[in-house]
Amino acid sequence: METSPNSDLVSKGEVLALIFELFPWLRQFEQASLNDYAKAAFSVGSDQSGCVARSQAMSLLRSRVAAVAQRQGYSAGAVTRFQAEIEVAPVLQCGPHLHLLIEPDAFYTHLFSLMGLRAHGRTSYISYACSTVKFVERGRKGPAWLHVDGDAVNVFGLSRSKMIPYSILGRNGCYRFHLQNVDRPGDDSEAISYLRDLLPLGEFQSAAEAIKAANLCLWKRYSESQVDFLQLDDSDVADLVADHLSDGRSWLRASLIEDRAFAMRLIHFIDQLADTAWRGWLKNSTHFFWGCIEGRLFPLWLDGRVLRSKETDDVCVEFSPPSLVEALRTGRIVPNLLLMFIVTSILPGVRVLGGSRHTIYYPLMRWAFCEALRNNHRDTQLLNALSKDERPGVWGHRIISSPCEPFSLLNAFSRGGIETLLGQFGKMSIIDACGPLSSFTQDPLWAELAVAYSSGRVGRQSSQWAFR
């Protein structure tokens, strides 16, 4: 009998049992309010290890945060607050892909983040959104689609041939908000007309730039909490990696790029996971960078001192700081997710919030990174700092499950919509708020992990779980 793509492969109870085993600190929140859990997710202190590599990485992250905030038009005071936030209370929401804020996957996660920020009286919110994703993720879901009043809306008015092969970060055209209702063509509905007035006019070089600009408009319209919002994506991470590679004091430059032995050890330890019960969660799909041609991404492989493609696209980049910086600046390469987490979290000591798969693959990234560090006495200080990190990765995406369309929900309130929603969801228990946990229960990897747990092959004592 075939399994429906929307049927559960593992029960919610089995998933929760495994989560509480792997993250025992979470058990105290089983019946706590969502407000309490959000407060804990955003409760973190700055690094006090005195690690030189970590301090330098944080300095570069602060500078890049400032540059992005300035580019987005924030005042000098707001820029300073963003910098202080990432250093004094280092938390980065990494759950949603780069969607419009009113897309449910993004909206309810940002609502959860606002709960945590408000609990600590913070006024700056920094979020990373992956833009190395295609316009369409499945069906009519993805950055190119939105549902308004139950109708499917083609955000950029693109044909499938313009969506399927490309990632939204590609600077391969001119993008503007068409908002085509594909279910009911014709004149705009009242809701779509109102949304059109809220979104920025004009054309953008990439869909990612368009979405980020739109999100600033939507945030200013609907967020009544006086929290400034800074959204980073992979183009910003590419600039951050280039900052590292241009700085002679950077650990990343000296130990990952110029000392190729470390890079090879890291690749080796990730490959080793394929022979464990953690197989499938973290793979070397590409070596540190993706090749990029007009938004089409393809893997690159470290071959001696060069990164090269194996496909028809003949791309070859020397694995050296100057060559990589040039390729990053021109968009020929893009950092992969592993490198993104190295420069935004692992090195600077920033807690990252993520979704159902992130909760597993991020600790495995840290394990592989730390195993690669062990062979070099120069990295003892960094290894010690990493071993003392408190809850470096936390489940903080898709905590709220709701069937309501956010845009319709917000517009149902004449005023105070966000505050009303924060009050309603914040009082719920985490078990009730998260609903059926479909992102866990319908995932084959979680089903396999649950079997491995029940047979004793996976647990909090697993060697690969040492740096969770």
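Biologist: Which domains does the domain assignment give for the protein chain?
Modeller: Domain bounds here come from an automatic or database domain assignment. Domain 1 covers 33-130 + 208-257 + 335-438, and domain 2 covers 131-204. This is a predicted model: local features need pLDDT of at least 70, side-chain atom pairs count only at pLDDT 80 or more, and totals for chains, interfaces and linings use all residues. Residues are numbered from 1 along each chain as its sequence is written, and side-chain values use heavy atoms, with hydrogens and water left out.

Biologist: How many residues does the contact take from each domain?
Modeller: Contact means heavy atoms within 4.5 Å. Domain 1 gives 25 residues and domain 2 gives 25 residues. Their C-alpha centres lie 25 Å apart.

Biologist: What area do domain 1 and domain 2 bury between them?
Modeller: The size of an interface is often given as the accessible area lost when the parts come together. Buried area is that loss (1.4 Å probe), summed over both parts. Here the two domains bury about 2,000 Å², 68% of it on carbon and sulfur atoms. On the domain 1 side, Ala210, Glu405 and Phe407 supply 23% of the area buried against domain 2, more than any other three residues.

Biologist: How many salt bridges does the rule find across the interface?
Modeller: A salt bridge puts a side-chain nitrogen of Lys or Arg within 4 Å of a carboxyl oxygen of Asp or Glu. The rule finds 1 across this interface. Separately, look at Glu209 and Arg171: their side chains meet in a salt bridge at 3.7 Å, N to O.
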